[in-house]
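Welcome! Here is a short tour of a structure that may be new to you. Take a look at it first, and then we can walk through some of its contacts together.

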Amino acid sequence: MSETTTDQLTFQNPVTRYPEITPPIQDQPEPGIDQYLIPHTDRGQDSYRGTGRLEGRKALITGADSGIGAAVAIAFAREGADVALSYLPVEEPDAQEIKRVIEASGRRAFLIPGDLADRDFCEALVTQAVDALGGLDALVNNAGRQIAVEDIADLSDAQWTNTFETNIHAIYRISRAAIPHMPPGSTIVNTTSIQAYKPSTPLLDYASTKAAINNFSKGLAQQLAPKGIRVNAVAPGPIWTPLQVSDGQPKEKLPDFGKNTPLGRAGQPTEVAPAFVFLTSPESSYVLGETLNVNGGTPSP
Ligand code: NAD
Ligand code: MG
């Protein structure tokens with residue numbers, strides 16, 4: 001590696017590390033597909049360099065086909081982990097791409113498609129992941145759905161229930177099934193959101209689940225501490241992912257996405273992944289029940 005490249009990787013201005021984007025108004029059915037996003041996201045496939053921080057770990061990551069979950073999957077593999085990827089069946093093209101990147105990084109990737117809103121699948125997912133990986137010592141509960149509805153009068157019972165099933169009930173079910181398999185030293189990291197503290201008006205159901213995830217993480221962390229299993233959470237701010245174009249945001253807001261942060265730009269998925277690596281690696285052994293904000297500088301509790 002040339003000296004110039006090393007300098008570029010080790011010393012970068014966060015304002016300009018990634019360009020300020022102005023996404024055109026676009027629409028995809030839920031869930032969005034990363035490959036169709038304009039502009040494309042950076043999931044670290046060409047940039048994330050591992051330093052052996054998760055050597056030999058066995059990780060299950062939900063929502064690992066795209067966006068933040070895909071960036072975490074790539075980072076974990078580059079750090080030395082084998083990864084089981086959970087995603088919806090229609091996301092197969094995105095999942096295949098991430099599998100290819102992981103295998104090119106010299107690690108194993110196992111694809112386990114299915115719907116996390118189905119309670120039986122949550123348990124089956126853990127069983128399949130344990131069988132494929134030969135155990136389980138890292139769980140990342142990252143899958144989530146976000147559908148903006150401007151008026152509570154239009155927020156259906158079906159949407160409310162499905163958002164809770166997917167975003168928080170699945171975390172409870174997957175964690176409950178996974179914990180008996182996890183030896184001391186294992187970790188669980190849940191994806192919450194800045195929405196847990198600063199709810200946007202069209203995201204009543206979504207933001208409520210994210211507050212619940214924070215609370216659940218802090219409670220479970222205390223319960224599992226004596227077993228040597230650490231639980232933490234990551235709270236992203238505006239990160240450019242397929243979630244935003246599949247009705248996650250009112251369409252007119254897409255061009256300004258992320259511009260109101262102190263850094264003045266949306267984050268890229270690969271900028272969130274190091275928080276998950278830190279909370280999963282043994283170097284964070286005294287960090288439990290924490291929520292790490294990765295949001296471009298917006299003050300959060
Ligand atoms: P994304 O669309 O790339 O990832 C979400 C993933 O959730 C999908 O890929 C899908 O595989 C999975 N998913 C959704 N419903 C599912 C279901 N019923 N069964 C199985 N899997 C399902 O978008 P993302 O932004 O990377 O989202 C990842 C996480 O980050 C989510 O929990 C989201 O709430 C959270 N988050 C995102 C942002 C942001 O600005 N992008 C900000 C804060 C929090
Ligand atoms: Mg996806």
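Arg43 and Asp34 form a salt bridge, their closest N and O atoms lying 3.6 Å apart; the term stands for a side-chain nitrogen of Lys or Arg within 4 Å of a carboxyl oxygen of Asp or Glu. Arg43 is buried at 5% relative accessible area, and Asp34 is buried at 1%. Here buried means under 20% relative accessible area, exposed over 50%, and partly exposed in between (1.4 Å probe, protein chains only).

A note on the basis: this is a predicted model, in which local features need pLDDT of at least 70 and side-chain atom pairs count only at pLDDT 80 or more, while totals for chains, interfaces and linings use all residues. Residues are numbered from 1 along each chain as its sequence is written, ligands are numbered from 1 in the order in which they are written, and side-chain values use heavy atoms, leaving out hydrogens and water.

The count comes to 15 salt bridges, including these:

| Pair | Closest N to O |
|---|---|
| Lys251 and Asp27 | 3.0 Å |

Lys251 is partly exposed at 21%, whereas Asp27 is exposed at 54%. Arg145 is buried at 12%, and Glu30 is partly exposed at 42%.

Which residues hold the magnesium ion (ligand 2)? Asp65 (OD), Ser66 (OG) and Glu91 (OE) coordinate the ion at 2.1 to 2.2 Å; donors are N, O and S atoms within 2.8 Å of the metal (3.2 Å for Na, K and Ca), and sites may look incomplete because water is not among the atoms. Both Asp65 and Glu91 are buried.
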